[in-house]
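Please read the points alongside the model.

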Amino acid sequence: EPLGSGGFGEVWKCDVPGGIYKAIKFVFGNLQGTENEAVRAEQELSALEPVTNIRHPFLVNVQRVQQIDGELVIVMELADKDLRDLLNEYRADGQVGIPRQELLSYMRDAAEALDLIHNQHNLQHLDIKPSNLFLVSNRVKVADFGLVKALEGRSPTSNSGLLGGITPAYASPETFQGDLSKHSDQYSLAIVFQEL
């Protein structure tokens with residue numbers, strides 16, 4: 001069944017061999033196509049390279065990256081829901097947001113994962129938003145690594161799509177000028193905290 005879609009692809013809940021459920025992302029574009037057809041898939045593939053072997057309990061586990069006839073397919077662990085879904089549940093119950101202590105716990109999980117990818121691997125995620133923070137057994141895992149290092153060394157407006165795929169509401173100010181800092185993801189996480 002479909003779980004969601006974004007600027008770079010669609011994610012589906014799939015039954016893999018052995019009766020296990022996984023999340024599978026089908027990336028838009030074809031690596032064997034023209035330059036315009038391949039750009040999103042190439043960006044996702046190059047962004048995944050530095051993170052696929054990083055192991056941390058608060059990063060969604062990317063279990064397989066495969067090309068099938070030029071189509072890029074990414075198999076990941078399946079989460080329970082994302083923080084956007086959780087916020088909507090609390091609002092449906094008449095609350096204004098996720099209760100503070102619960103939310104702080106989720107933010108600590110996300111911050112720990114982001115600190116690891118920055119401090120040990122010199123990476124910025126660049127797409128921190130509620131729909132990329134997933135709940136698995138009441139802990140948050142950071143997912144969707146399609147923009148990692150995507151803005152490095154070039155202006156975001158030179159990439160295809162809306163500012164190279166970033167979500168403007170959560171993007172740090174420097175990304176709009178084509179720059180990154182070690183605080184880009186921290187800024188985005190602060191915006192997420194305020195919203196939730």
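1. A residue is called buried when its relative accessible area is under 20%, and exposed when that value is over 50%. The model discussed here is predicted. Q124 has a relative accessible area of 7%, so Q124 is buried.

2. Q124 belongs to the loop between α3 (100-119) and β7 (133-136). With the side chain of H118, the Q124 side chain forms a polar contact at 3.3 Å. The side chain of Q124 also reaches the backbone nitrogen of D185, at 2.9 Å.

3. N122 is placed in the loop between α3 and β7. Is this residue buried or exposed? Its relative accessible area is 59%, and N122 is therefore exposed. The phi angle of N122 is near 55°, a positive value although the residue is not glycine. Most residues other than glycine have a negative phi.

4. L126 is likewise found in the loop between α3 and β7. Its phi is near 75°, again positive in a residue other than glycine. L126 has 8% relative accessibility and so counts as buried.

5. Two remarks concern aromatic rings. The number of aromatic pairs in the structure is zero. K13, however, lies over the face of Y21, at 4.6 Å from the ring centre.

Definitions and conventions
Residues are numbered from 1 along each chain as its sequence is written. This is a predicted model: local features need pLDDT of at least 70, side-chain atom pairs count only at pLDDT 80 or more; totals for chains, interfaces and linings use all residues. Side-chain values use heavy atoms; hydrogens and water are left out. Helices (H or I, at least four residues) and strands (E, at least two) are DSSP runs, numbered from the N terminus. Buried means under 20% relative accessible area, exposed over 50%, partly exposed in between (1.4 Å probe, protein chains only). A polar contact is a pair of N or O atoms within 3.5 Å; within protein, one must be able to donate a hydrogen and the other to accept it, and residues adjacent in sequence count only if both atoms are side-chain atoms. Rings of Phe, Tyr and Trp (its six-membered ring) pair if their centres lie within 6.5 Å; planes under 30 degrees apart count as stacked, over 60 as edge-to-face and the rest as tilted. A charge sits over a ring if NZ of Lys or CZ of Arg is within 6 Å of the ring centre and within 35 degrees of the ring normal.
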